[in-house]
Amino acid sequence: MSEWKEKCETEWNLQGAPLPDSVDWKSVYEKKPLGKNLLRNTAPFGLSKDDPPPEPELPDMPTRGPPQFQPDGDFSGWTTSTEVLPYDMSGIPQGAVICEMPRYSWFSMEQTVDLKAEGLWEELLDDFQPEIFIQDFYEESQLHDHIYELHVKLLGADKSTIIAEHNVSPVEDRTNYSHTWKMVSLVFCGYGPGVRYVHFKHQLKNSFMNEFFSTKFTDSAVVVKPVKTSS
């Protein structure tokens, strides 16, 4: 066994995992793809789940500036898009005079992780099928009953074949005021051979009425764990 292969096996306790000689083990060891977060720029608002989310700042007088539908932040590494939603007129009595209404929008952020480029090898992904752990934290912003969605797909080599997927769309309980980070987590296991990419997409709802109010996120994670998929 080569020195680098032995280091990899010891580092991640890979007993039972396929370790073919054709793999560049020095590169694998240097990239250390197992057990680390493979997403880039996981906290673009500069926030941490270990600290409470900041309270929104309300000016003494509304600024009444131009409508804003995208939050400010450093979104490098993410592909972003914004969907401005139509006004929600449900529940408004006929003939009621409306002065102002909130305008909601979805702000979407997505990344695609290339598992082989990160240092994982085909035999590990196809035969050993290590667990793929997903985690995210979103702000309990109280803006709406639906403020967060998560869509994760395991894709084949063509980047379009969906081998496994999981979607999360929680409904918020706004009976009592609460402003914390809410955790979302899931684990892919037993997903079958052929996975080469992980597509991570979450979207958060924002609101504009005189002022812009956002739903923030932090500490998103895609982690391939050196644990064999449970049968």
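Me: What should I know about the numbering and the basis of the values?
Reply: Residues are numbered from 1 along each chain as its sequence is written, and side-chain values use heavy atoms, without hydrogens and water. The model is predicted, so local features need pLDDT of at least 70 and side-chain atom pairs pLDDT 80 or more, while totals for chains, interfaces and linings use all residues.

Me: How many helices and strands does the protein have?
Reply: Helices (H or I, at least four residues) and strands (E, at least two) are DSSP runs, numbered from the N terminus. Here there are three helices and nine strands, in the order α-α-β-β-α-β-β-β-β-β-β-β.

Me: What share of the residues counts as buried?
Reply: Buried means under 20% relative accessible area, exposed over 50%, and partly exposed in between (1.4 Å probe, protein chains only). Of the 231 residues, 43% are buried.

Me: How is an aromatic pair described?
Reply: By the distance of the centres and the angle of the planes. Rings of Phe, Tyr and Trp (its six-membered ring) pair if their centres lie within 6.5 Å; planes under 30 degrees apart are stacked, over 60 edge-to-face, and the rest tilted. The structure holds eight such pairs. One of them is Phe45 with Phe75, edge-to-face at 5.6 Å centre to centre and 85° between the planes. Both residues lie in the loop between helix H2 (25-31) and strand S1 (79-84), 30 residues apart. Phe45 is buried at 16% relative accessibility, and Phe75 is buried at 11%.

Me: Why is the pair of Trp78 and Phe217 edge-to-face?
Reply: The ring centres of Trp78 and Phe217 are 5.6 Å apart and the planes stand at 75°, so the pair is edge-to-face. It links distant parts of the chain: Trp78 is in the loop between H2 and S1, and Phe217 is in strand S9 (residues 217-228), 139 residues away. Trp78 and Phe217 are both buried. Ring pairs join Phe45, Phe75, Trp78, Phe107, Phe200 and Phe217 into a cluster.

Me: Where is His199, and what does its side chain meet?
Reply: His199 is in strand S7 (residues 197-209) and is buried, with a relative accessible area of 15%. A polar contact is a pair of N or O atoms within 3.5 Å; within protein, one must be able to donate a hydrogen and the other to accept it, and residues adjacent in sequence count only if both atoms are side-chain atoms. The His199 side chain makes such a contact with the side chain of Glu110, at 2.7 Å.
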